[in-house]
Every structure is written in structure tokens, then in C-alpha cells.
Amino acid sequence: MEPVIKINPGATKWDIRQKVWDYIEDNNLANFPRPVHNRIPNFKGAFTACTKVSELQVFTQSTEVKVDPDKPLEGARLAVLQAQKTLLVPTPRLRTGLFNKITPPLDASKEQLRICSSSQGVRDFSVPVDLDATVKVDLVVVGSVAVSEKGLRIGKGEGFADMEYGMMASMGAVNESTVVVTIVHDCQVVDIPEDIIESHDLTVDYILTPTRVIKTNNLFPKPLGIFWNKLTTEKLEKIPILKKLRALEEEAGKDVTLGVAPPEAEPGLQTGQPKRQTRRRPRQNIEQDDMGESRQEKMSESERKARQRPARVRKEGRGDSGGGYERGKGNRGEGNRGDNLKEKGPEEGGSEVMSQRKLPLSVTTVYLGGIPAGLRVSELKAALREREAAPLRLTWQGAQHRAFLDYSDPEAAEQALEALQDLSLNGHSLQAELAKSQRGGKRSGQSNRRPRPSTPPKSDTAPADTESDTNEKTEE
């Protein structure tokens with residue numbers, strides 16, 4: 001079958017990633033979360049593709065199956081649980097360990113198994129598996145951004161799947177005969193040049209798509225350990241489990257010398273590939289309205305001066321509710337200009353409450369929708385703290401059943417998005433995703449420059465626990 005995405009000669013891994021991400025977005029082939037840039041795409045038809053894993057003979061013969069925590073692999077995790085096999089899921093971004101063993105309740109219903117296969121299952125129904133545990137993984141299921149019929153694979157560029165496999169090899173959980181399966185959309189099957197694949201890159205034996213089961217007859221070796229010279233001290237500090245493994249291997253007399261990151265290195269396992277920017281207009285003095293049309297931002301002298309004032313507490317009546325999720329129109333002081341200039345809230349009007357503390361000039365904003373009527377902002381804040389997803393600033397729009405959460409950088413926002421999946425309050429499921437003002441041509445998690453207040457703020461505000469749904473509030 002001829003690939004629908006053509007790869008140009010000399011293309012790098014980042015060229016291929018960008019081409020696949022752009023194609024999926026341009027053709028609307030993905031479900032939430034969007035945009036797919038910098039993610040393993042949650043493609044349409046993912047659940048259909050996942051059901052094919054149970055048709056593989058290796059699946060029937062397996063006892064322990066490791067499936068990555070990516071959203072499009074949820075159906076594969078469910079298939080493992082329904083077959084009553086042991087499901088191992090890596091800790092997201094390897095923050096707290098290597099594996100979690102998912103342990104559903106006894107006599108779990110199909111709905112309970114579905115919950116166990118989601119990100120909530122990793123939090124609520126899992127037992128950590130340490131490096132010194134005796135584990136024998138029979139089948140590995142990974143997500144991909146691109147894959148070739150020869151078995152070559154490209155991930156999202158952070159190297160987690162490669163590191164996870166290398167760590168499993170180091171602890172004896174996998175070997176050269178362990179079967180690796182990836183699940184992707186048909187358009188993600190492309191011709192990947194062999195010369196860009198490196199020694200630490202994981203290759204695959206089967207490719208499952210919504211329409212095909214491809215046996216790759218993979219002739220390329222899989223990594224049988226961690227390539228320490230591909231890692232940096234910075235990466236090691238972010239992943240404590242790697243530090244523990246390095247200490248164990250150093251005690252065993254192995255060479256654990258770390259590499260040095262070049263100035264323009266690809267994230268994850270360092271390969272020296274420059275990170276390519278997505279197609280977008282310059283940010284200076286340009287912003288997009290709700291329909292995606294660009295316009296020139298004209299900033300008056302009074303507005304510039306107002307933005308330099310320190311943030312203070314203020315509260316106003318709720319304005320026009322607006323529509324959609326986007327923090328676009330109205331959040332840069334687009335009201336009446338001049339002496340009576342008012343800066344409106346994040347959705348074309350509303351009130352804001354900002355503390356004296358300064359926010360970073362650039363933040364990454366998460367939209368939280370589906371907030372039930374009657375929910376107090378203090379209840380939401382408690383839920384965010386419980387899931388370790390407390391933002392720098394929370395903009396409350398209870399009357400419109402939504403809130404906006406500002407985080408310091410894209411990585412913090414991504415971690416919050418993972419923590420907020422399957423969040424339910426007062427019996428209502430909430431929807432968490434990047435705010436639309438950071439989507440479109442931008443990459444996932446790209447920072448959103450926050451404005452300073454454009455008018456002298458008013459002084460008082462109500463206590464957090466007495467906030468009414470008829471007011472919009474922003475809190476740090």
C-alpha cells in the first residue's frame with residue numbers, strides 16, 4: 001500500500017514528525033486532545049485499531065503485556081484487562097517510577113475495566129513495580145508518530161518509549177525475542193529512511209491500523225539497555241528512576257558516562273536533530289480573533305503604561321459570555337481605547353481577580369469545561385490540588401461552566417492535562433484541553449503571552465469560598 005504522506009529525501013526525524021502532525025490536523029483525523037503536535041496522535045479509529053491486538057497469536061500466548069499510557073492506546077489496555085492478562089503501564093513521563101501494575105477490582109464490570117484502562121486507572125487502580133522486581137513482559141504495545149512497514153519507528157521526540165524498553169532490558173523484563181506492536185492511523189505508515197534511525201531507537205514487529213494488520217518482518221535490533229552516552233545530566237535530574245538504574249549499573253561495573261547536549265538538541269534522547277518550528281506568523285503585535293483571522297494589534301501609549309503597573313486585586317460585573325474555548329478576543333484590552341480603556345476577561349468580558357504576585361510573561365493555558373452548576377471555585381481548587389495540578393492562576397467562569405488554568409510552561413501544562421483526564425466533580429465529567437488561543441498553527445503547549453492589566457484596578461474582592469457563579473474570577 002502506497003503511503004499517503006510522502007517523505008522527502010534527506011528528511012530528518014523532526015521533518016517527518018512535523019509532516020505527519022500537520023497532515024493529521026489539516027485533514028481532521030484526530031480526536032481530543034488537540035492539536036496533535038508534540039503528542040502521540042489520538043487518531044480517529046484508534047479503538048478499532050486497538051481491538052486488533054487480541055487477534056494476534058502472540059497476544060493469545062502472552063501473560064504480561066506492557067502498554068504505553070497514551071490516549072490512543074486505551075483500547076489496547078482494555079483488551080488486556082478483558083483477557084484477564086497482567087497489564088503494566090509505564091508511569092507517565094517516568095516521573096515516579098517505571099511501571100504500574102493495573103489491578104482491577106474483583107469481578108470488575110466492563111465499565112470498571114474501561115476506567116482501569118484510562119489515565120484514572122493508573123492513578124486509582126495501580127501498584128508500582130520497582131526496578132528490582134521480577135517481571136517478564138511477553139508483549140510490548142507502544143504509540144508512534146510515524147512508522148514504516150520495515151518496522152522503523154519515530155516517537156514524539158522525547159525518547160520515553162526507547163528509554164522504557166532499554167530499562168526493561170536492563171532489568172531482564174524483555175529480550176531480543178520480545179514482540180513490539182504499535183498502533184497508528186493508516187496515514188502514519190510512511191517510508192522512513194534507515195540512516196536516521198539510531199542504536200537507541202525502538203523498532204516494531206507489528207503495525208495495527210484501523211484497516212490493516214502489518215507484520216514488518218523487522219530485521220533491525222532493539223535496544224538491549226540504556227545508552228547512557230545519549231542522555232544528559234539534565235535528563236537524569238528529571239527522571240529519578242534513571243538515576244537509580246544508573247547507580248545500579250555503575251555498581252555492576254558498566255560504563256555509565258553521560259553525553260553532553262548540543263545547543264539545538266532534540267528533546268529526549270539526544271540526537272542532535274534541530275527542533276523544527278511549526279508554520280505560524282510572527283507573534284509580535286499580531287493576534288487571532290475567534291475565527292482564526294489575524295489582525296494588527298495597535299497599542300496606545302496609555303495601554304502600554306497600564307500594562308507596566310503591578311497586578312492588583314479587582315472585581316467587575318460579568319460581561320458578555322462569549323462562546324467557544326478560546327482565550328482570544330478580549331484578553332488583551334480590546335475594549336474602548338483611550339482614557340476609558342477597560343481590559344476584559346479571558347472571554348470577551350468578565351471580571352478578574354489577580355493577586356499582587358507577578359506571573360511570568362509567558363504562560364501555557366488549559367481550558368477546563370463542563371463545570372457543573374453550583375460548583376464552588378474552592379471545590380475546584382481542592383480537586384486541582386488533590387491531583388497535583390494547581391495552576392499559577394485560575395480564571396473562574398462558573399456561569400459559563402468553564403475555567404482557565406495558567407501554568408508556567410508547556411511541560412507543566414502537559415502534566416496537568418494528564419492529571420485532569422477523567423476528572424469528575426458532582427457527578428459531571430469535566431473536559432481539559434489546551435485553550436484554543438494556543439492551538440491552530442501552533443504546537444501543543446506553546447506558551448501564551450499574558451497581558452498586564454490595562455486600567456487601574458479596583459480594590460476588594462470576595463473571599464474564595466463565597467464566590468458566586470455570576471462572577472468571573474482570576475486567582476493565583
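The sections below take these topics in turn.

## Basis and confidence

The model is predicted, with local features requiring pLDDT of at least 70 and side-chain atom pairs pLDDT 80 or more, while totals for chains, interfaces and linings use all residues. Residues are numbered from 1 along each chain as its sequence is written, and side-chain values use heavy atoms, without hydrogens or water.

The average pLDDT (the predictor's confidence in each residue, from 0 to 100) is 75, and 70% of the residues score at least 70. Residues 265-357 stay under 50, with 246 contacts (heavy atoms within 4.5 Å) beyond four places in sequence. Residues 440-471 are also below 50, and the model gives this stretch 123 contacts beyond near neighbours in sequence. Where pLDDT is low, predicted coordinates should not be read in detail.

## Helix α11

Helices (H or I, at least four residues) and strands (E, at least two) are DSSP runs numbered from the N terminus. Helix α11 spans residues 377-386, and Val377, Ser378, Leu380, Ala383 and Leu384 in it are buried (under 20% relative accessible area, 1.4 Å probe, protein chains only). The cover over these buried residues includes β13 (362-369), β14 (393-397), β15 (402-407), α12 (410-420) and β16 (424-425). Just after α11, glutamate 388 has a positive phi of about 55°.

On a 1 Å grid over the protein atoms alone, a cavity is a set of points where a 1.4 Å probe fits but cannot get out; lining residues have an atom within 4 Å of a point. Points are joined across faces, edges and corners, and volume is the space filled by probe spheres set on them.

The whole structure has three cavities of 30 Å³ or more.

Conventions: 1 Å grid on protein atoms, 1.4 Å probe; cavity = no way out; pocket = protein on both sides within 12 Å on 5 of 7 lines; lining within 4 Å. Buried < 20%, exposed > 50% of the residue type's maximum accessible area, 1.4 Å probe, protein only.
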